[in-house]
Amino acid sequence: MQKNTFYKLIIIVLMISLLAAGCGKNQAEELPEYKGSDFLMDTLVQMKVYAYNGDKIIDESLARIRELENLMSVTLEESEIYQINQHAGKGVQVSQDTLRVLNKALEYAELTKGSFDPSIGPLVELWGIGSGEERVPTNEEILKAKNLVDYRKVMISPDQKVRLAQPKMRLDLGAIAKGYAADEVSKIFAEHNINSAFVNLGGNVLVFGNKPDGSDWKVGIQDPRENRGNVMAAVSVSDKTIVTSGNYERYFEKDGVIYHHIIDPATGRPARTGLLSVSIISDSSFDADALSTSVFIMGLEAGKKLVNKLDGVEALFITDDLEVDITSGLKDKFELMSEDFVLIKDEN
Ligand code: ADP
Ligand code: MG
């Protein structure tokens, strides 16, 4: 009798565990995968969502990104940023979204002592990188545009009006708006209680939860020498964002020199600090976007120092000499996939 009960118990336990394992597996397998993409914020936006109503979630997310683009684009005439720029010298009322992004940009301008500067517009316009009208400006032109770049002259009044202190100043939120958009999409994923999704805004990647099978996502790091899609390493993460700034995103070549789109406000020229790209891994895409641009301009040493000061932020640097440096938190998550690159071993 006792023996019988014992066997029954074992069988019940076995059945429950089989059932539980089966349930988990089926649930994951049954969830349909939906994919969506669009060209928004000057870049290709791609999404994958694992949920029964994944198509609706993707539509809602793309609509939200479009809404943000319409507020913060430098080129769309109805955008708030365009209006601020057109009316430089006067105050322009802005939305909560634009205000949030501008405030964060100014925070990073303070933090980096102006290496990151959302009033970079006159220099971006002058170089015209990515506009089809790129050229190397004269020293005089650079000096003139550089004198218009100063984040301390961006005024925000308590009634949510933004005013550029000088008439020819220009805002450009291109280095941070995609990060904000990625976090807004992540909020939409959370509202729909989904467990697994992925969004990439042209190198601004956010993985939501785990992969549908419960494992980590493996996010590829772009080979900075190659066309998009060529990966030289991978980082395994869940519920994180990986944002990369590199000199290969937008550039032109003249007399063998590469002129790219990340400009050092101190020189008025494309930042040259010995880096090909910087990837920031963290919980907030908003911060990671601002940081990847900042750190790219600051260079390896100063950039690494800044990252190490911040909680929950990791970074991956690729130097001109194809050396890869990673912060300590990435050691077990990083996999080098190309023999052309060398991983720098940290002594500590
Ligand atoms: P991407 O937009 O290619 O992902 P980034 O996030 O690094 O790359 O942003 C680069 C963009 O940021 C440039 O195209 C320009 O609009 C803007 N930008 C360039 N230099 C600076 C700077 N020093 N501070 C803030 N924004 C900048
Ligand atoms: Mg950025």
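This is a predicted model: local features need pLDDT of at least 70, side-chain atom pairs count only at pLDDT 80 or more; totals for chains, interfaces and linings use all residues.
Let's start with two helices.

Two packed helices are described by the angle between their axes and the distance between the axes.

Now a second pair. Helix α2 runs over residues 54-72, and helix α4 over residues 96-111. Their axes come within 10 Å and cross at roughly 70°. Angles from 65 to 115 degrees count as roughly perpendicular, so α2 is roughly perpendicular to α4.

Who touches whom here? On the α2 side we have R64, L68, L71 and M72. On the α4 side we have D97, T98 and V101. By class, the contact of α2 with α4 has 4 nonpolar, 1 polar and 2 charged residues.

On to the ligand. Which residues come nearest to ligand 1? There are 18 residues around ligand 1, and the nearest are D117, S245, H261, I263 and T293. By class, that shell holds 8 nonpolar, 5 polar and 5 charged residues.

Back to α8 for a moment. Helix α8 gives the most to the shell around ligand 1, with 3 residues.

Next, some distances from ligand 1. Look at H261. A polar side-chain atom of H261 lies 2.8 Å from an oxygen atom of the ligand. Then D172. An N or O atom in the D172 side chain is 3.0 Å from an oxygen atom of ligand 1. Then A175. Here the backbone takes part: one of its N or O atoms lies 3.3 Å from an oxygen atom of ligand 1.

How much of ligand 1 does the protein bury? Taken alone, ligand 1 exposes 570 Å². The protein buries 96% of that.

That's my tour. Thank you.

How values were computed: Residues are numbered from 1 along each chain as its sequence is written. Chains are lettered from A and ligands numbered from 1 in the order in which they are written. Side-chain values use heavy atoms; hydrogens and water are left out. Axes are lines fitted to C-alpha atoms, for helices over the stretch in contact, and angles run from 0 to 180 degrees between N-to-C directions. Helices (H or I, at least four residues) and strands (E, at least two) are DSSP runs, numbered from the N terminus. Angles under 35 degrees count as roughly parallel, over 145 as roughly antiparallel, 65 to 115 as roughly perpendicular and the rest as oblique. Contact means heavy atoms within 4.5 Å. Ala, Val, Leu, Ile, Met, Phe, Trp, Tyr, Cys and Pro count as nonpolar, Asp, Glu, Lys and Arg as charged, and the others, Gly among them, as polar. A residue is near a molecule or strand if one of its heavy atoms lies within 4 Å of it. A polar contact is a pair of N or O atoms within 3.5 Å; within protein, one must be able to donate a hydrogen and the other to accept it, and residues adjacent in sequence count only if both atoms are side-chain atoms. Accessible areas come from the Shrake-Rupley method with a 1.4 Å probe; for residues, only the protein chains shown count as cover.
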